[in-house]
Amino acid sequence: MYKNRADGRNNIIGENVRRLRKNLKDKVSQKALAEMLQREGIDIDKNAVQRIESGQRFVIDIEVKAIANFFKVTCDELFESQ
């Protein structure tokens with residue numbers, strides 16, 4: 001069984017997702033990001049993006065891949081500490 005990290009976060013990519021989203025040349029809201037991921041076949045909404053960014057939601061592998069593709073980074077880059 002998975003045990004939450006000591007800081008209570010359920011993922012380690014959330015902070016990078018938030019940073020990448022906010023650093024885009026054309027600002028993208030959480031809702032817009034969710035809509036773009038939905039077009040790629042990922043069942044996600046604005047609330048899920050918010051929970052990912054805050055570390056409150058687990059992120060599955062296909063979501064990590066779609067998020068990395070959207071931001072044009074590697075999956076490994078999403079897992080790096082900043």
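## Helix H2 and its buried face

The buried residues of helix H2 (30-39) are Gln30, Leu33, Ala34 and Leu37, where buried means under 20% relative accessible area, exposed means over 50% and partly exposed lies in between, using a 1.4 Å probe and protein chains only. Looking down the axis of H2, you will find these buried residues within an arc of 100°, so they line one face of the helix; the arc is that of the directions from the helix axis to the C-beta atoms. An α-helix has 3.6 residues a turn, so residues three or four places apart point the same way. On the other side of H2, Lys31 and Arg39 are exposed.

What do the buried residues of H2 pack against? Their partners are H1, H3 and H4, with contact meaning heavy atoms within 4.5 Å. Just after H2 comes Gly41, which takes a positive phi of about 90°.

## About the model

This is a predicted model, in which local features need pLDDT of at least 70 and side-chain atom pairs count only at pLDDT 80 or more, while totals for chains, interfaces and linings use all residues. Residues are numbered from 1 along each chain as its sequence is written, and side-chain values use heavy atoms, leaving out hydrogens and water.

## The overall picture

The protein has five helices and zero strands; these are DSSP runs numbered from the N terminus, with helices being H or I of at least four residues and strands being E of at least two. With 82 residues, a compact globule would have a radius of gyration near 12 Å, and the protein agrees with its 12 Å. That radius is taken over C-alpha atoms, and the globule rule is 2.2 Å times the number of residues to the power 0.38.

Along its principal axes, the C-alpha trace spans about 35 × 25 × 20 Å. Of the 82 residues, 38% count as buried. Among contacts between residues at least 6 apart in sequence, 55% join residues at least 24 apart.

## The nonpolar core

The largest nonpolar core has 20 residues, and Ile44 and Leu78 have the most contacts inside it. Such a core is a set of buried Ala, Val, Leu, Ile, Met, Phe, Trp, Tyr and Cys residues joined through side-chain atoms within 4.5 Å. Helices H1 (14-22), H2 (30-39), H3 (46-54) and H4 (61-71) each supply at least two residues of this core. Its largest share, five residues, comes from H4.

Leaving aside neighbours within four places in sequence, Ile44 is in contact with Ala34, Leu37, Gln38, Val49 and Ile52. Ile52 itself is found in helix H3 and counts as buried at 2% relative accessibility. Not counting residues up to four places away in sequence, Ile52 touches Asn11, Gly14, Val17, Ile44, Arg57 and Val59.

Leaving aside its neighbours within four places in sequence, Asn16 is in contact with Glu77, Leu78, Phe79, Glu80 and Gln82.

Now turn to Lys72, in the loop between H4 and helix H5 (75-79). Lys72 counts as exposed at 74% relative accessibility. Although Lys72 is not a glycine, it has a positive phi of about 60°. Most residues other than glycine have a negative phi.
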